[in-house]
Amino acid sequence: FDEDVRKHLMEVLKAKGIHVHTGENPASIEEAEGGKLRFKTDKGTAIEVDNVMFATGRKANSKDMGLEEVGVKLDARSGAVIVDKLSRSSVESIFAIGDVTDRIALTPVALMEGMAM
């Protein structure tokens, strides 16, 4: 989302008492007294909370589609289809848009790319 939308959403969440920890991953979540959860992250954060929500992001789902066999180049790390600025893959007649390209993995971006094609 746009920076101003992210900033506004962060302000709203904080105003409601919701803790947001960006750039951290859960290391452990244990039951605590009073129905609470003891939450620890890989960065050393340790707090007791009512709930935990973890957004992990998206990963390209290009496995076992036969893309490499027809010459489409994939990113070795993510499996994303490598495309140029016009969304063309390494095979001139094959285009890729949305999350499978590993560009901006946001639903509104994928929708706009789909409408543009």
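The questions and answers that follow concern a predicted model.

Me: Which residue of S2 is the bridge partner of Glu30?
Reply: Strand S1 covers residues 26-31 and strand S2 covers residues 37-41. The two strands pair in the antiparallel sense over five bridges. Within S2, the bridge partner of Glu30 is Arg38.

Me: Which residue in S3 does Arg38 stand opposite?
Reply: S2 is also joined to strand S3, residues 46-49, by four bridges, and these two strands run antiparallel. In S3, the residue opposite Arg38 is Glu48.

Me: Which residue in the turn between S2 and S3 has a positive phi?
Reply: The hairpin of S1 and S2 has five residues between its strands, and Gly34 in that turn has a positive phi of about 70°. The hairpin of S2 and S3 has four residues between its strands. In this turn the positive phi, about 95°, belongs to Gly44.

Me: How many charged residues are in the lining of the second largest pocket?
Reply: The second largest pocket has a volume of about 160 Å³. Its lining includes Lys63, Asp64, Glu68, Glu69 and Asp75. By class, the lining has four nonpolar and three polar residues, and the number of charged residues is five.

Terms used
Residues are numbered from 1 along each chain as its sequence is written. This is a predicted model: local features need pLDDT of at least 70, side-chain atom pairs count only at pLDDT 80 or more; totals for chains, interfaces and linings use all residues. Side-chain values use heavy atoms; hydrogens and water are left out. Two strands pair if DSSP finds at least two bridges between them. On a 1 Å grid over the protein atoms alone, a cavity is a set of points where a 1.4 Å probe fits but cannot get out, and a pocket is an open set with protein on both sides within 12 Å along at least five of seven lines; lining residues have an atom within 4 Å of a point. Grid points are joined across faces, edges and corners, and a volume is the space filled by probe spheres set on the points. Ala, Val, Leu, Ile, Met, Phe, Trp, Tyr, Cys and Pro count as nonpolar, Asp, Glu, Lys and Arg as charged, and the others, Gly among them, as polar.
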